[in-house]
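Please keep the sequence and structure in view while reading.

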Amino acid sequence: MRACILFTCVAGVHRETPMSSLVPMAHVARGFCLAQNGTGIAAEKDLSVGKTTLLQNPVVEYVKNRIQEISNNASLKVLPFDGYFSMGCFADSTPAELWVKAPKGGEKASPRMCFNFCRDKPEARFFGLVEGRVCYCVPYPTLSGGNGGSEQCTAVCEGDSGSMCGGMTKSSIYEMHRCGDVTEAATKDKEAAEELLEEWEFKAGRWQYVVSALTDAGKLINVSDVRQRLFDLASSMEALLKDTNAKISDLHEKLAPLQTALDNFDATAATAAMMQAVEDAQSELGAFVAALEESAEQLKAYWDKHNLDGSMAFRSIDSKALGAAEELAKPLSTDVNFMPKKVRQEVDCDETPSDGCSAFPDKLTYFAVGEHLAALFQVYNQSNPIEGRPTLAGPAEWKKWSVKECHQMCLMTPSCVAGNVIGMVNSSVYASTCNLKSSVAKVELSKGGDAAFLMSGFVFSSYFKTHQEKIKFNVANMKIA
């Protein structure tokens, strides 16, 4: 007798496994397949007649004695298995005395539940599920009748409605394996979760500036319809942000249990409990990662739709060039803060209101009311502008650049005839929204702005010339608290 490499035959699939000297070459030579448990204990299947039998009755006694020996001697125990895969649906005639059944009244049957029960049982290398509720471990399955097909394993698992746990006469058979990568995979998942958190904490933080800018601007305005427009714009984004921030918080909480399980894991003396603690924490973390990704995807879709940078890039508008020093030195278009001579005189403004009114610098606010076309957001960080953005000296340059961008966007957008630029300065971070209009019914004016508040607008002069009789300029109603 000598050792050999045996190809275990299961449903036409051959898998190479080492055999001990307990299995003679003669059995391989005469056309038998052997299912074995890693110690050489085997059953044989005569390929010519499809019959499966035990090599010898003493095998059962040997296995039972071996299991008892390992149970009584801790030094003989090996590391638990850390994974499993499905072999198929079979009739399993392994002697009942070799079955180790999961006790009744415990966790309901499922492939994962049965694996956790069997993974550290002495000499168990396979597990089976039958009747939708019975889980058992065996050193080897004695398979007969070949692959019965999924239609014969149609008993839904009591503990997992998405899986089948055998049938009334056949078992769903699984083989366990030991890859030694429990902590490696979990660590990678933890690191990926941390990267996801970092990404969305940054993005959510940036977009919160836009919500705050619109909300704060709205609080300053005493004209109800204008204020409500700003609040509605802010609330739609705030609802998405709230959900994403909640998912960020939840994911943070799930990182700690996985880190604890990893810290407590001893690779040299790992137990099934240690492995399951890592796997359970990893699985739960994965569920919360998926939840954050789903929520973040909705927020991203909303942001992409309303992202000024993306819209400008689509139209080949060079944002950085609009903020270059030579461009900022040029006066704004006469469309900006456009008003008839009579209105300029009424509000005590000079002939070039595009840069404000000299009589009250930084105080002029201008809001065109009309058919909404698009709302586009932008966040500018003066201390760390992203690629493609200009380097601006402060709020004054940011205001001028923002107005130039919105005006250019309107020029490049079909049906656009006017727009508003609304924003606030928050330390070194400036947030604004460019609101495009396809028509104008009125323009709200006031003298209540300040250096940190941007509320500028424009109406194309060509549009005003053909619609001036219908456009009302309201001075009295636009009040800033």
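The sections below cover the basis of the model, a sheet and the salt bridges.

## Basis

This is a predicted model, in which local features need pLDDT of at least 70 and side-chain atom pairs count only at pLDDT 80 or more, while totals for chains, interfaces and linings use all residues. Residues are numbered from 1 along each chain as its sequence is written, and side-chain values use heavy atoms, without hydrogens and water.

## A three-stranded sheet

Three strands in the order β14-β18-β20 form an open sheet with mixed pairing. Strands are DSSP runs (E, at least two residues), as helices are (H or I, at least four), numbered from the N terminus; two strands pair if DSSP finds at least two bridges between them. At the edges are β14 (365-369) and β20 (472-474), each pairing on one side only.

β14 and β18 (residues 442-446) run antiparallel and are joined by five bridges. Here V369 is opposite K442 of β18.

## Salt bridges

There are 15 salt bridges in the structure, each a side-chain nitrogen of Lys or Arg within 4 Å of a carboxyl oxygen of Asp or Glu. K442 forms one with E444, with the closest N and O atoms 3.1 Å apart. E444 is buried at 1% relative accessibility, and K442 is partly exposed at 22%; buried means under 20% relative accessible area, exposed over 50%, and partly exposed in between (1.4 Å probe, protein chains only).

Another salt bridge joins R389 and D309 (2.4 Å, N to O). R389 lies in the loop between β15 (372-381) and α11 (395-411), and D309 in helix α7 (residues 308-314), so the pair ties together parts 80 residues apart in sequence. R389 is buried, at 5%.
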